[in-house]
Amino acid sequence: MSMFRDFDEKGKIFTNVVPKTSVAAIIQTLTHRIHGDVYMKPDERLKDEFNRSEQFVAVTNAQILDAQGQVLYRCKFLTLNKDQIVWLIPVTDLIQES
C-alpha cells in the first residue's frame with residue numbers, strides 16, 4: 001500500500017481516512033436556517049475547514065428550517081454550497097441570555 005492511496009484488483013481507489021471532529025452548528029443560508037453537524041480536522045478552527053477549496057460542505061443530522069423557524073425537512077446527510085452560507089455559529093459558542 002502506498003502512502004496516499006491503493007488500488008484493488010478491479011482498479012478501485014482507496015485513500016487514507018482523514019479523521020475529523022463533528023461540531024454541532026447553526027447555519028444561516030440566504031433562505032433557510034440549518035441545524036446540524038459539520039466536520040473539521042482536529043486541532044484546526046472551523047473557519048479553516050470553510051476556507052478550503054471544496055465548494056460544498058457536508059452536514060449530517062440536519063434540520064432545515066424556514067424563516068419562521070418551522071422545520072421543513074430532516075435528513076441524515078446533505079451537502080451545502082458554501083456560497084449560500086451567510087453565517088455559521090458552533091452551538092458551543094452560543095451565549096444563553098438571562
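What share of the 98 residues in the protein chain is buried? Buried residues make up 27% of the chain. Here buried means under 20% relative accessible area, exposed means over 50%, and partly exposed lies in between, with a 1.4 Å probe and protein chains only. The model is predicted: local features need pLDDT of at least 70, side-chain atom pairs count only at pLDDT 80 or more, and totals for chains, interfaces and linings use all residues. Residues are numbered from 1 along each chain as its sequence is written, and side-chain values use heavy atoms, with hydrogens and water left out.

The protein chain holds one helix and seven strands. Helices (H or I, at least four residues) and strands (E, at least two) are DSSP runs, numbered from the N terminus. From that end, the elements follow the order β-β-β-β-α-β-β-β.

Five strands form an open sheet. Their order is β6-β5-β4-β3-β7, and the pairing is antiparallel. Two strands count as paired if DSSP finds at least two bridges between them. The edge strands, β6 (71-81) and β7 (85-90), each pair on one side only. Neighbouring strands of this sheet are turned by 30 degrees against each other on average, direction ignored. For such angles, axes are lines fitted to C-alpha atoms, for helices over the stretch in contact, and values run from 0 to 180 degrees between N-to-C directions.

The pairs can be taken in turn. β3 and β4 pair in the antiparallel sense over eight bridges. A hairpin joins these two strands through three residues. Gln28 stands opposite Arg33 in β4. Arg33 also has a bridge partner in β5, namely Leu65. β4 and β5 run antiparallel and are joined by four bridges. Nine bridges link β5 and β6, again in the antiparallel sense. Ala58 stands opposite Thr79 in β6, and Ala62 stands opposite Cys75 in β6. The hairpin of β5 and β6 has five residues between the strands. In this hairpin, Gly69 takes a positive phi near 90 degrees.

The largest nonpolar core has 15 residues. Such a core is a set of buried Ala, Val, Leu, Ile, Met, Phe, Trp, Tyr and Cys residues joined through side-chain atoms within 4.5 Å. Ile27, Ile34, Val38, Val59 and Leu80 touch the most other members. β3 (21-29), β4 (33-40), α1, β5 and β6 each supply at least two residues of this core. The largest share, four residues, comes from β5. Ile34 lies in strand β4. Ile34 counts as buried because its relative accessibility is 5%. Ile34 and Leu65 are 31 residues apart in sequence, yet 6.1 Å apart in space, C-alpha to C-alpha.

The largest pocket has about 180 Å³ of space. On a 1 Å grid over the protein atoms alone, a pocket is an open set of points with protein on both sides within 12 Å along at least five of seven lines, whereas a cavity is a set where a 1.4 Å probe fits but cannot get out; lining residues have an atom within 4 Å of a point. Grid points are joined across faces, edges and corners, and a volume is the space filled by probe spheres set on the points. The lining consists of Lys20, Tyr39, Glu49, Phe50, Arg52, Glu54, Phe56, Val57, Ala58 and Lys82. α1 (46-50) and β5 (56-65) are the elements that give two or more residues to this lining. β5 gives the most, with three residues. By class, the lining has five nonpolar, no polar and five charged residues. Ala, Val, Leu, Ile, Met, Phe, Trp, Tyr, Cys and Pro count as nonpolar, Asp, Glu, Lys and Arg as charged, and the others, Gly among them, as polar.
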